[in-house]
Amino acid sequence: MKFCRFHLRGAAEVSAGPLYGLLEGGEVREITGRPWETWSAGSRKWSEQQVRLTAPVEPSKIVCVGRNYAAHAAELGNEIPKEPLIFLKPPSSIVGPDEPVVLTPLSQRVEHEGELALVVGRRCSQLKDDADALSYIAGYTCLNDVTARDIQKSDVQFTRGKSFDTFCPIGPHIETQLNPEDVLVELRVNAALRQSGRTSLMIYPVAFLVRWISRMMTLVPGDVIATGTPAGVGPLVAGDVAEVSVEGVGVLRNPVHGAQS
């Protein structure tokens, strides 16, 4: 199933807040409840042209994994971490499909990082090594871990360079039927391929990450885990269009706007 979150286009968009729905053959059917909770299909539906998709998640936290592909660690001159390297992005950094990434005047080098993201479906804490970690995942989506690289390098730690408003595009929807062990993750800028790697190349695979993170912090339904980015990260400038694609999920497209004065 493909779950989305959307606004109605036109005059109705002003009065109706974002709704959750199911994508079904060119149509969006409203659901009551959120995909990671108890939900039921409603009677109202619209064509995809009548809705505007927005970020399909409302997480309490976004847990990101750094340097989880050896080639990406190498391109930045970093060693492979001996344990997963994790950091947080704030929910205020989220934007949805086709919403702009807005550059910041505080950085001279903003870069893209295309990733597979997990959406937590069940509360999990202190998972054991034999736990079925993927049973705690509601679904999968695309994420762009936009990064002010110069700030990240100068600060050493990641928080400031990763946390600007609009620096976490997510979408276009949540796909529930996916085996995350070996899918292709790619990122294009203005249709030119920049990043390409399979999740089978991850240093720490998806199930391991879920179990490991759950031992540091309780994951609650709706939380997001970004699993790391393949090699090929590079700059974004005003006028660019970045597209993250995850095999079996879809394509997340975002224009890049210049810094606001």
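Predicted model: local features only at pLDDT ≥ 70, side-chain atom pairs only at ≥ 80, totals over all residues.

Residues are numbered from 1 along each chain as its sequence is written, and side-chain values use heavy atoms, with hydrogens and water left out.

So, the overall picture. We've got five helices and 19 strands; those are DSSP runs, H or I of at least four residues for helices and E of at least two for strands, numbered from the N terminus. The radius of gyration is 18 Å, close to the 18 Å from the globule rule for 261 residues, so the chain is as compact as a globular protein of that length. That radius is over C-alpha atoms, and the rule is 2.2 Å times the number of residues to the power 0.38. The C-alpha box along the principal axes is roughly 55 × 50 × 25 Å.

Of the 261 residues, 53% are buried, where buried means under 20% relative accessible area, exposed over 50%, and partly exposed in between, with a 1.4 Å probe and protein chains only. As for contacts (heavy atoms within 4.5 Å), take the ones between residues at least 6 apart in sequence: 71% of them join residues at least 24 apart.

Now the cores. A nonpolar core here is a set of buried Ala, Val, Leu, Ile, Met, Phe, Trp, Tyr and Cys residues joined through side-chain atoms within 4.5 Å. Which residues touch the most other members of the largest one? Leu116 and Leu118, out of 43 residues. Several elements supply at least two residues each, including strand 11 (114–120), strand 12 (137–144) and helix 5 (206–214). Helix 5 gives the largest share, five residues. Leaving aside neighbours within four places in sequence, Leu116 is in contact with Tyr140, Thr141, Leu178 and Val246, among others. Another core, of 20 residues, lies apart from the largest one, and Ile31, Val119, Ile170 and Ile174 are among its members.

Thr141 sits in strand 12 and is buried, at 0% relative accessible area. What does its side chain reach? The backbone oxygen of Gly171 at 3.0 Å, and that of His173 at 2.7 Å.

Then there's Lys89, in strand 7 (residues 85–89). Buried or exposed? Buried, at 2%. Its side chain makes a 2.7 Å polar contact with the side chain of Asp145. By polar contact I mean a pair of N or O atoms within 3.5 Å; within protein, one must be able to donate a hydrogen and the other to accept it, and residues adjacent in sequence count only if both atoms are side-chain atoms. A polar atom of the Lys89 side chain also lies 2.7 Å from the backbone oxygen of Lys162. Cys64 and Cys168 are among the residues that Lys89 touches.

Which brings me to the cysteines. How many disulfides does the search find? Zero, across the whole structure; the cut-off is a pair of cysteine sulfur atoms within 2.5 Å. Cys168 is in no disulfide either, with the nearest cysteine sulfur, in Cys64, 6.1 Å away. Cys142 is buried at 0% relative accessibility, and Cys168 is buried at 0% too.
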